Amino acid sequence: MRYEFADCVLDTESYQLQRFGATVPVEPQVFELLSLLVENAGKLVSKDKIIERVWDGRIVSEATISARINAARTAVGDNGKSQAVIRTVQRRGLELVAPVETDCNVTPSAGSAKRMQTIHFVRSEDGTSIAYARSGDGSPVVRAGHFLTHLEKDWSSPVWGPYLKELSSRYSLIRYDQRGTGLSEAEIKGTRIEDYVADLKAVVDAAGLETFPLVASSQGVPISIVFAAAYPERVSRLVLYGGFAQGRARRDHQYANDEANALMALIRSGWGKPDSPFMVAFTSVFCPGASKEEMDNMVEIQLASTSAENAATIRAAFDQFDVSACLPQVRVPTLIIHANADAVHPVTQGRWLASEIPGAEFLQVESNNHVYLPSDPAWRQIVDAQLEFLSRKQGK
């Protein structure tokens, strides 16, 4: 039997585990533990069942059990903080929470989602080709595009993959690459916020969506705010993370042309180069807590997503956004989440959004990462808050 989950393939016939297509060496006991968990995906597996399967019922120490669990997590790219693949229920057991697919006609566990995504294309208002993807089943949720995306690579990314699969395991997730990035048209024909809003509208129209929740991060936030204000009948809920009402050039009087030009020069010279001054600055500002695997993956996505010239153009455009006049016009239930030490868009921007959008809820999390990373202890809190808010009934 072949089991596919969380960028991994567990083949019980060849007794092999692969991740991102590469073989991962694991001890026999670790392989048996993973086999037990995937066979019972979505179900709690008790410690007694684990001991019976892995150790044939022999008495083993807690330290030995913990060591095998940690080894299993490492093998599938998980850790004890995020628990995006293997969840521990204290004093009860383990659960494989990642969606699982098998190579035969086996009924998937409750809550699991199709691993495959389908990619489509649509023309925006100005003729720009926009790529969008659909994954999972159930009611729709739309994720607005933002800086640095690639529909195919994000799906298997250790940074974005766990979050996308969380949403896809519960909803039919629609997301897209912004103009000039990912699988969308590389030529940037316009950089006004109205152009980006038109891209979002083209995607949801092509997907046949009438009313839907909209989730957004970073630069996707002001775009989603304008869309929600313009089309209140189409947005049922709004989830905004790490966003802003005013771009840096609009809110920071010290952000002079010389400073902006210096950033553009760094981007052009260091795009996609792990040891460049740009990447050092990017890491220290956008995601100081990133693991080496996460940082390497973001460099990979940079190179795949867009060119250095496009990145500089898009970055400059976002810095000029100002949607403050639209905030009072947003009349849908809204959740705003912001990291307390975000160095890209300060938490004061999140508080401003929450104070100006009528009835908005605000959640501040303890983190210094602008990109919410699975390795960050705040990741689980951020994702759970979004899922809880999205699951509420209308009027609550």
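Reader: How many aromatic pairs does the structure hold?
Author: The structure holds 10 aromatic pairs. Keep in mind that this is a predicted model.

Reader: OK, what kind of pair do Trp160 and Tyr372 make?
Author: Their ring centres are 6.1 Å apart and the planes sit at 85°, so this pair is edge-to-face. The cut-off for that label is over 60 degrees.

Reader: And where do Trp160 and Tyr372 lie?
Author: Trp160 is in the loop between α4 (151-155) and α5 (161-168), while Tyr372 is in the loop between β16 (361-365) and α14 (378-391). The pair therefore ties together parts that are 212 residues apart in sequence.

Reader: Is Trp160 buried or exposed?
Author: Trp160 counts as buried, at 8% relative accessibility. Tyr372 counts as buried too, at 3%.

Reader: Switching over, what about Tyr196 and Phe318, how are their rings placed?
Author: The centres are 5.5 Å apart with the planes at 50°, so that pair is tilted. Tyr196 belongs to helix α6 (residues 193-206) and Phe318 to helix α12 (residues 308-319), so parts 122 residues apart in sequence are tied together.

Reader: Buried or exposed, those two?
Author: Tyr196 counts as buried at 2% relative accessibility, and Phe318 counts as buried at 1%.

Reader: Which residues form one aromatic cluster?
Author: Tyr196 and Phe318 do, along with Phe147 and Phe321.

Reader: Now charges. What lies over the face of Phe147?
Author: That's Arg315, at 5.6 Å from the ring centre.

Reader: And which ring does the charged end of Arg237 sit over?
Author: The ring of Phe389, 4.8 Å from its centre.

Key:
Residues are numbered from 1 along each chain as its sequence is written. This is a predicted model: local features need pLDDT of at least 70, side-chain atom pairs count only at pLDDT 80 or more; totals for chains, interfaces and linings use all residues. Side-chain values use heavy atoms; hydrogens and water are left out. Rings of Phe, Tyr and Trp (its six-membered ring) pair if their centres lie within 6.5 Å; planes under 30 degrees apart count as stacked, over 60 as edge-to-face and the rest as tilted. Helices (H or I, at least four residues) and strands (E, at least two) are DSSP runs, numbered from the N terminus. Buried means under 20% relative accessible area, exposed over 50%, partly exposed in between (1.4 Å probe, protein chains only). A charge sits over a ring if NZ of Lys or CZ of Arg is within 6 Å of the ring centre and within 35 degrees of the ring normal.
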